[in-house]
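Take a slow look at the chain before reading on.

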Amino acid sequence: PLGPDGHPVDMVGLDSSIIQHPKTWEASGHTTTFADPMRRCTRCGHIIRADHLWDTLVSTSRWFNDLIQEFEYAPSATAHPQLQTGKILRWARGRGKRLAPNLALVRNPEVTLSWLATRINGQPDAPPDVAEITRHLATEQLNATGLQDPCVLCGGEMGPSEQFNLMMISYAGTQQTPENRVYLRPETAQGIFLNFRNVIDTARVKIPFGVAQIGKSFRNELTPRNFIFRSREFEQMEMEWFCHPDDARAWYEFWKTERFKWWLSLGVKESNLILRDHAPDELSHYSKMTVDIEYLYPFTAPDYGELEGIAHRGEFDLTQHQKHSGQKLDYFDQDLQVKLKEQGVSPEEIKVRSRYIPNVIEPASGLTRAVLVLLCEGYRHEPGRQGTEEYLSFKPRFAPVKLGIFPLVNKDGMPEVAEKLYLDLRQHFACEYDPKQSIGKRYARMDEIGTPFCVTIDGQTLTDQTVTVRERDTMAQQRISIEHVRAYVQERLNA
C-alpha cells in the first residue's frame, strides 16, 4: 500500500536465527520481564497461571462443576445461591472423596462449613457469591491462613503467585552449564533488531522502511490449550517499521488501519474483528501505545481473543541493543540533512537533527492463529445438506486442496482420462485423485477438507471431451471442456 507520505512502503524480508546470543534477551528485557504469574497446588503440585485460575475452575474443573450442582440458586437467579448443608455434606463424604480428595470440605467438612455458616450469619444482608463460597469450602484454617483458592484438579490449597519465565532454555557447547545456556527465541522481533545495521548497510533502504519475517517461536507455556490458539511451538509473523520519531504516530495509525484491512482481505467477517486499545497499566515495558486486533473465537465468545498486536515501541529496542552491544545503531538521515540545509538551519542543529535512533512500529501476529481463524471462518454446519452437513467454506485461494479429480466409475477408460488430467493439473494446483467409493462420498470428503472444486470424468467425457465441475458451497454442477478446467480453476483462485 501507499504510506501516509504518499510513497509505496519499502519492506525487506529476513530469516534470523532461532538461537541468538543470550545477551539479546537481556537487552530486550525478556530475561526479567517475559514471565507469567503462576501458582502451584500445595497438595498435588499442579501449576496454573494465576490469572486463569477461576476461569479454568469454572470451565474445566470436574469437582467444581459437580459440587455446584448441590447449590440451590435463589429464584432471582443471582450469583448468590442458597445452601443446603445436608446435600453438601453428603457430597463431601461421597463423590467429593473421589473428585476432590484434597478439598478442605472433604478433609474436614464440619469445620469448613462452620466457617461458612459464621460468614453467612454474620453478614445476612451481604450473602456470599459462588466464588466466595467456593473459597470458604477450600479453607480449613481460616484464622491462620485467610480464605484459600482451590486447585482445579484436586481441590487443595493454591500457593502464592510466583513469576515464571516463559523462555525455552537449551545449551550450546559440550557442557550444560550456566555459561553455556541459550534460549530458543520467544519472538522473531529481536532478530530484526540484531540485523538492523546489516539491513541498512546492504539493502539500500532509507527511513522509513520495514523489516518483516515469518518463523518459529517457542514459549514454555504450562497450559497450552484451545487447539492451536496457545502452544509451545508456533509460527509467528512480525514486522518492525523504522521511522523518524516525529512521524511515528502517523505510521502507528497507518499500520493499525492497514493491518485490520488485511485481515478483512482474507475473508474474515468484519463483525468478528475488533480493535482494542491497551489500557495504560496493560502496556508492555517497551510500549508507548498498543492496540490489539481481536477475533471472536468460538472458545472466547461472547468475548474476543487476541489475534494481532500493533505496538508503538518508540526507540526502546535499538537503544537497548546499542547499549548492550556497544555498536552504534543510530541512523544518519541524508535526505533530512539536505532538507534542513535548504531551510537555512544552522550546521550545529543539522548535525544534531540528522542523526537519530529510529522509532519502531510493530505489527506482530501469530501465523498459527491466522490458520485457526481461517478454520473458524470456514466452518459450516447445515443440517440436511446432501452428502455432509459439515464442511469448510474456505476462500478458494486459501483451500489446502484446490481440486478433486474423479472418474465416475473405475472402469471403461474413465480412470485413464482422469489420471492424465490429474497429472497435468497437479503441476499447477494442489489436487487429489480419488477413484474409490460412490461419487457422493467422494464429494463429501472434499467438502469436509474445504476443496472448492471437483471434476468428474464420466461416459460423456469419452465422446465429447467435456467434464462435470461441481462447486463446493452451492453444489452446483456444470459441464465444461476438459481443456478449460485449468483456466476455470485459475480464474476463481484469483478472484
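## A walk through the chain

N226 is partly exposed, with 30% relative accessibility, where buried stands for under 20% relative accessible area, exposed for over 50%, and partly exposed for what lies in between (1.4 Å probe, protein chains only). This residue sits in the loop between β9 and β10, and it has a positive phi of about 55 degrees although it is not a glycine.

Here is some background for reading the values. The model is predicted, so local features need pLDDT of at least 70 and side-chain atom pairs count only at pLDDT 80 or more, while totals for chains, interfaces and linings use all residues. Residues are numbered from 1 along each chain as its sequence is written, and side-chain values use heavy atoms, with hydrogens and water left out.

**The whole chain**

The protein chain holds 21 helices and 23 strands; these are DSSP runs numbered from the N terminus, with helices (H or I) of at least four residues and strands (E) of at least two. Its radius of gyration is 30 Å, well over the 23 Å that the globule rule gives for 495 residues, so the chain is more spread out than a compact globule. That radius is taken over C-alpha atoms, and the globule rule is 2.2 Å times the number of residues to the power 0.38. Along the principal axes, the C-alpha trace spans about 85 × 85 × 55 Å.

How much of the chain is buried? Buried residues make up 45% of the 495 residues. Of the contacts with a separation of 6 or more, 64% are between residues 24 or more positions apart, a contact being heavy atoms within 4.5 Å.

**Salt bridges**

A salt bridge here is a side-chain nitrogen of Lys or Arg within 4 Å of a carboxyl oxygen of Asp or Glu. By this rule the count comes to 33 salt bridges. Three of these pairs are set out below.

| Pair | N to O distance |
|---|---|
| K216 and E233 | 3.7 Å |
| R385 and E382 | 3.7 Å |
| R445 and D434 | 2.6 Å |

The pair of R445 and D434 links distant parts of the chain: R445 belongs to helix α19 (residues 439–448), and D434 to the loop between β20 (431–433) and α19, 11 residues apart. R445 is partly exposed at 29% relative accessible area, whereas D434 is buried at 10%. Elsewhere, salt bridges that share partners join R43, R107, E140 and E157 into one network.

Now turn to K216 and E233, which meet in a salt bridge with the closest N and O atoms 3.7 Å apart. This pair also links distant parts of the chain, with K216 in strand β9 (residues 209–218) and E233 in strand β10 (residues 233–243), 17 residues apart. K216 is partly exposed at 31% relative accessibility, and E233 is partly exposed at 47%.

**Some residues and their neighbours**

V467 is found in strand β22 (residues 466–471) and is buried, with 0% relative accessibility. Leaving aside neighbours within four places in sequence, V467 is in contact with several residues, including V455, I457, I480 and V485.

H244 lies in the loop between β10 and α13 (248–265) and counts as buried at 16% relative accessibility. Which residues does H244 touch, not counting those up to four places away in sequence? They are I207, L336 and Y356.

**Backbone details**

I207 also takes part in a cis peptide bond: the bond from I207 to P208 has omega near 0 degrees. P208 is in the loop between α12 (196–202) and β9. The peptide bond from A301 to P302 is cis too, with omega near 10 degrees, and P302 is in the loop between β12 (289–295) and β13 (305–314).

Finally, M475 has a phi near 60 degrees, a positive value in a residue other than glycine. M475 is placed in the loop between β22 and β23 (477–481) and is partly exposed, with a relative accessible area of 27%.
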